[in-house]
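I opened the notebook to look up ring pairs, a helix contact and a few backbone angles. The entries follow in the order I made them.

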Amino acid sequence: MTILNALTVDVEDYYNQLAIDFCDRIEPPRPESARDTERMLDLFAEFKVRATCFILGEMAEYFPATVARIAGEGHQLGVHAYYHHQIWRHTPEEFRQVTDRAIKRIEDVAGRKVEAHRAVAFSLTQQTLWALPILADLGIRYDSSIFPFKGRRYGIPNAPRGPHKIALPDGRWLWEFPLSTVDAWGKRWPACGGGYLRHFPLAYARWGLRRLNAEGIPANIYLHPYEIESNPRIEIIPGLDSFSQRMKFRFFNYHQVRRRATTMPKLRALLGSNRFGPIDQVLDEWSRSAAAQSAPTINPAHLAATASA
Ligand SMILES: [Zn+2]
C-alpha cells in the first residue's frame, strides 16, 4: 500500500491577514473566507478524504457554522492563532493567552478537542522555540510549523525533513510534522504546498511527493481557502501611507494571487492519485513503518544549536 500523506488547511482570510501584516490593523474576516473553506470541504467530501484544519480563533467567532462543519465531517482540529499574528509578535505569556483563547473558542464551537497547531507564517523558528512547552501545556500533541529550509522569512534549515518527536526538557514530547522539502541537485526545495503548489506545474508537486514517499516520508500538503478564491481580487488595501508601502504591497499581492485558478485542478489531480489523511491518522500509520523506527527524537536545544551553526 502506498504511503498516506497529510492534507492540511490553514483556515483564514486573505484580506484581514494583509491588514495585519501591512497596517497592523485587525479587521473581521470576510464571508468569502468561510465560503471558500466550504468549497474545500465539498471537495474533500467528494474524494472522501479527511484533513487537518488549522483554524484561527476569529474564524470560529465569525463563522461558527463552518467550523462546526469541519468538526462534523471528521477533520482533525488544529489551531492556527486567534488573529493572524506570527509567534514573534508575542511575549511567551501573551502567546499562551491568545493561543488558549483560540483553542477554547474553536472547541466551544466544534465540541471536540484541538490537538494540533500550526504557527502563523511558519513562525516557529530558532527564535521562538519557547513556544513548544507552552503548546504542550495547552494540550497540543501535533505541531506542523517548522519548515526545514532556509527561507527569507521562515525556516530552521537543519531540522529533520520527516515527522519526528520533539522531546521537552521536562520529559514531555510532541510530534512535529514539518512542511515538505526535497533534497536534489545539492539544494533543498520546498514542495507540495501553498505558493509552491500554486506557482509551479502539477508535475513539480507530483515529483516532490514521489521523492518524499520513496524516502519513506509522508508529504505534507498545505493550502489556504483563498488559494481557490473565486471572488474579485484585492488590488489595494486602505491605510498604506507611503508610495514604498504601496509598492511593497503590490509586489506581495501579485505573487499571492497569481495562478490561483490552477490550485483546484492540481488539488483534484493529487487527491485522485494519492492517499491523503489528517496528521493524526498519517502519523498513526507511519509510526509502524521502517522509516519511522529510525526517525530521530529532537530536543529544542538541538534545533537552536544546529540552526545557528
Ligand atoms: Zn496563516
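Does Trp286 count as buried or exposed? I looked up its relative accessibility, keeping in mind that this is a predicted model. The value is 7%, so Trp286 counts as buried, the cut-off being under 20%.

**Entry: aromatic pairs**

I counted aromatic pairs and got 19. I picked out Phe122 and Tyr154, which pair edge-to-face. Their centres are 5.0 Å apart, and the planes make an angle of 75°. I then checked where the two rings sit in the chain. Phe122 is in the loop between strand S4 (116–117) and helix H6 (131–137). Tyr154 is in the loop between strand S5 (142–143) and strand S6 (164–167). The two residues are 32 residues apart, and the pair links distant parts of the chain. Both Phe122 and Tyr154 are buried.

I went on to Trp175 and Trp286. This pair is also edge-to-face, with 6.3 Å centre to centre and 70° between the planes. Trp175 belongs to strand S7 (residues 173–176) and Trp286 to helix H11 (residues 279–286), so the pair ties together parts 111 residues apart in sequence. Trp175 has a relative accessible area of 12%, so I noted Trp175 as buried too.

I also traced one aromatic cluster. Its members are Phe122, Phe147, Phe149, Tyr154, Tyr196 and Tyr222.

**Entry: lysines over rings**

I found the charged end of Lys165 over the ring of Trp173, 4.4 Å from the ring's centre. Lys187 lies over the face of Trp189, with 5.3 Å to the ring centre.

**Entry: H1 against H9**

I took helix H1 (residues 14–23) and helix H9 (residues 243–257) next. Their axes come within 12 Å and cross at roughly 150°. The crossing of H1 and H9 is right-handed. From H1, the contact uses Tyr14, Leu18 and Phe22. From H9, it uses Gln245, Lys248, Phe249, Phe252, Asn253, Gln256 and Val257. I sorted the H1–H9 contact by class and got six nonpolar, three polar and one charged residues.

**Entry: positive phi**

Cys192 has phi near 80°. Cys192 sits in the loop between strand S9 (187–190) and helix H7 (194–199). With a relative accessible area of 1%, Cys192 is buried.

Arg259 is not a glycine either, and its phi is positive at about 60°. I located Arg259 in the loop between H9 and helix H10 (263–273). Arg259 has 33% relative accessibility and so counts as partly exposed.

Terms used. Residues numbered from 1 in each chain as written. Predicted model: local features only at pLDDT ≥ 70, side-chain atom pairs only at ≥ 80, totals over all residues. Heavy atoms only, no water. Phe/Tyr/Trp six-rings, centres within 6.5 Å; stacked < 30°, edge-to-face > 60°. Helix = DSSP H or I, 4+ residues; strand = E, 2+ residues; numbered from the N terminus. Buried < 20%, exposed > 50% of the residue type's maximum accessible area, 1.4 Å probe, protein only. Lys NZ or Arg CZ within 6 Å of the ring centre and 35° of its normal. Axes fitted to C-alpha atoms, helices over the stretch in contact; angles between N-to-C directions. Left-handed = near helix turned anticlockwise from the far one by under 90°. Contact = heavy atoms within 4.5 Å. Nonpolar A, V, L, I, M, F, W, Y, C, P; charged D, E, K, R; others polar.
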